[in-house]
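I opened this model to look up how some of its strands pair. My entries are below, in the order I made them.

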Amino acid sequence: MSQVWRWVLVFFTVCILDWRPSSINAATDPQDAAALRVMFTSMNSPGQLSGWNANGDDPCGQNWRGVTCSGQRVTEIKLPNLGLSGSIGYQLTSLTSVTNLDLSNNNLNGGIPYALPPNLTRLNLGGNQFNGGIPYSISLMTSLQYLNISHNQIQNQLDDVFGKLSSLSTLDLSFNNIPGNLPESFSSLSSVTTMDLQNNQLTGPIDVLANLPLENLNVENNRFTGWIPEQLKNINLKRNVDNLTKQHHDRKDGNSWSSGPAPPPPPGTPPANRNNRNHKSGNGNSSSNNGGEGGKSSGIGAGGIAGIVISIFVVGGIIAFFVIKRRSRRSSPDVEKVDKEPFTPLASNEVQEMKAIQISSTLNTKTFDAPASINLRPPPIERHKSFDDDDFSKKSVVKKKSVTAPINVTSYSVADLQMATGSFSVENLLGDGSFGRVYRAQFDDGKVLAVKKIDPAVLLGQSSEEDFTKIVLDISHLHHPNVTELMGYCAEHGQHLLVYEFHKNGSLHEFLHLSDEYSKPLIWNTRVKIALGTARALEYLHEVCSPSIVHKNVKSSNILLDAELNPHLSDCGLAHFMRNGNQYLNSHSDFGFNAPEILMAGQYSMKSDVYSFGVIMLELLTGRKPFDSSRPRDEQSLVRWASPQLHDIDALSKMVDPALEGLYPVKSLSRFADVIALCIQAEPEFRPPMSEVVEALVRLVQRANMSKRTIGNDQGPSKRGDNPDTPDSLS
């Protein structure tokens with residue numbers, strides 16, 4: 001009997017040993033599984049993704065559709081042609097083993113997220129409804145070989161994000177609405193053989209493509225101008241070159257190519273070559289080509305050389321004659337007088353200007369010559385001019401303009417800000433907002449500030465430095481404890497940057513929605529303090545400033561929190577001074593904050609700011625995003641879901657952010673909801689002015705018997721003369 005039990009024991013041992021390794025091998029990396037769960041809910045939990053589950057923890061072992069794994073790591077995600085909708089999530093950076101992401105030919109929308117798998121070799125987002133621009137994170141994917149974002153709704157100008165993509169062989173940006181010139185970093189695509197840029201709004205020349213190893217290039221249906229580089233005429237440049245070579249100069253396909261022979265390169269320009277070309281184009285071919293062209297335009301025989309030499313001698317003799325004659329006219333006393341004339345020193349301000357130019361030019365030379373991908377760079381310069389010449393001429397203009405610049409903010413150079421931000425490195429990137437990217441800047445004196453690089457599309461038609469200086473002058477007059485302070489600006493090399501005070505706790509959006517497990521949730525009193533401070537900022541813009549300022553972009557990501565969690569409203573005044581600001585904001589604002597009249601007619605007003613503020617209060621109350629596609633359809637719009645429940649105390653208690661864990665005064669909660677209901681009314685005329693909102697929130701504080709110590713009053717009295725000892729001064 002003991003022998004039988006021994007065999008039974010051996011059998012079960014073998015089964016257990018055989019089972020455990022397969023279970024271990026099937027378990028997916030927890031971060032990969034979490035990223036796919038977020039992706040699934042962001043795409044509205046589509047039923048066509050068999051195996052996917054919002055609570056699943058083993059995509060590799062459970063054979064989720066389109067997911068390929070190696071061991072415990074996800075390596076490929078291929079989900080083309082499935083009719084997927086929604087967005088693709090915000091947590092994909094943790095998928096460090098994914099090399100192929102294919103979501104082509106679906107109905108995905110919104111902006112392409114910054115958080116993409118960092119080690120991709122293939123990225124295909126073609127055939128969707130993505131808008132906005134190409135995220136800066138693309139510039140860090142140094143292994144990328146294939147990039148397809150065609151057939152979308154990309155409408156932002158291309159930034160210099162291609163400088164490190166030396167492995168990229170195929171780039172397809174066709175069938176979008178991309179405006180502006182091709183970025184200089186295109187010239188770094190040393191492996192690209194296929195480039196499709198057709199059916200966009202691209203402008204300017206295509207010279208930046210001249211030395212790329214292209215075999216197929218499509219640029220039709222754009223607004224390109226200038227001459228087609230000779231190097232590109234031997235490749236498959238679709239349709240446009242055919243028009244030229246056949247003498248069809250009718251500017252077909254939206255491009256206005258210049259007819260006739262291209263002008264010769266400026267003196268000193270190195271001969272153009274095609275790098276990394278597979279076909280043979282050795283010295284023999286080059287010499288024959290040059291000889292053919294030279295016979296027409298620059299062939300010089302022996303007689304020509306002799307004529308040139310004789311001409312030089314004649315001109316030299318004439319010049320020498322006049323120089324000698326002029327010297328002979330000068331008497332020795334005059335010479336002595338000139339030699340003994342005392343040297344007039346430069347004025348102190350001239351000395352400082354010379355030093356500033358020398359130091360700045362030295363820094364610029366070191367910075368711009370660096371091979372790293374720099375997001376901020378001067379515009380293309382004439383090839384026959386040295387960079388220093390161009391730089392000096394521009395700096396002298398900037399110095400002259402600084403006379404009319406605002407005196408209460410600092411004028412920085414591009415070199416200053418590059419040094420402080422590490423050449424605008426991704427490590428210092430704080431965020432990507434409606435008006436441009438924001439970077440952390442640490443200066444030599446230890447001061448930390450935030451630098452906002454204004455998107456060129458915002459300054460459409462208003463890109464001159466004089467106009468930008470006027471904008472800075474107007475914004476520099478805004479002073480309020482709850483408005484982010486403008487500290488400086490930069491207007492050089494066609495770049496426009498604003499320098500603001502830095503707030504270490506980031507934005508309210510990050511605090512509410514992106515906090516990690518180690519972050520403490522905002523307590524109720526702090527949420528009321530943030531609402532009141534933000535309301536005060538809007539009251540200042542609407543009712544104190546003259547003329548009144550409509551913010552137009554009130555959202556939680558524009559509310560910055562300092563070390564004491566006091567709120568500071570950012571981007572104040574920017575939309576007011578930008579041309580085409582309404583149209584730009586309509587296409588770049590965060591869905592969920594906009595009032596109904598904006599969505600229907602694009603009408604911004606102080607009352608639309610009030611509506612957006614009400615949405616922020618809803619965020620503070622519920623902890624939910626204004627629009628969340630991961631939730632059930634009837635809960636995706638926060639305003640639509642919450643509005644009917646704001647006056648029902650039982651429903652209200654279920655709406656409250658679970659992170660508060662029930663720690664809030666019920667009456668305070670109810671009054672807070674009453675203010676929200678007033679602000680988010682559909683009809684603008686029924687919404688209260690911000691001064692009444694401030695009064696309502698102050699009464700809420702008084703009735704809840706919140707002391708100044710509880711709610712926080714670290715900023716002191718406001719600059720409008722409020723009494724610091726009354727609740728009205730709380731900020």
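Entry 1, ground rules. I am working with a predicted model, in which local features need pLDDT of at least 70, side-chain atom pairs count only at pLDDT 80 or more, and totals for chains, interfaces and linings use all residues. Residues are numbered from 1 along each chain as its sequence is written, and side-chain values use heavy atoms, with hydrogens and water left out.

Entry 2, strand β12. I took strands as DSSP runs (E, at least two residues), numbered from the N terminus, and counted two strands as paired if DSSP finds at least two bridges between them. β12 (residues 201–204) runs parallel to β10 (residues 179–181), with 3 bridges joining them. Here T203 has N181 opposite it. β12 also runs parallel to β14 (residues 223–226), through 2 bridges. In that pairing I found G204 opposite F224.

I located K453 in strand β20 (residues 448–454). Is K453 buried or exposed? Its relative accessibility is 11%, so it counts as buried (under 20% relative accessible area, with exposed over 50% and partly exposed in between, using a 1.4 Å probe and protein chains only).

Why is β21 (residues 486–492) largely enclosed by the rest of the structure? Because 6 of its 7 residues are buried. β17 (residues 410–411) runs parallel to β21, with 2 bridges, and S411 has Y489 as its bridge partner. β21 also pairs with β22 (residues 495–501), antiparallel, over 6 bridges. There the partner of Y489 is L498. The hairpin of β21 and β22 has 2 residues between the strands, and H493 takes a positive phi near 55°.

How values were computed. Helix = DSSP H or I, 4+ residues; strand = E, 2+ residues; numbered from the N terminus.
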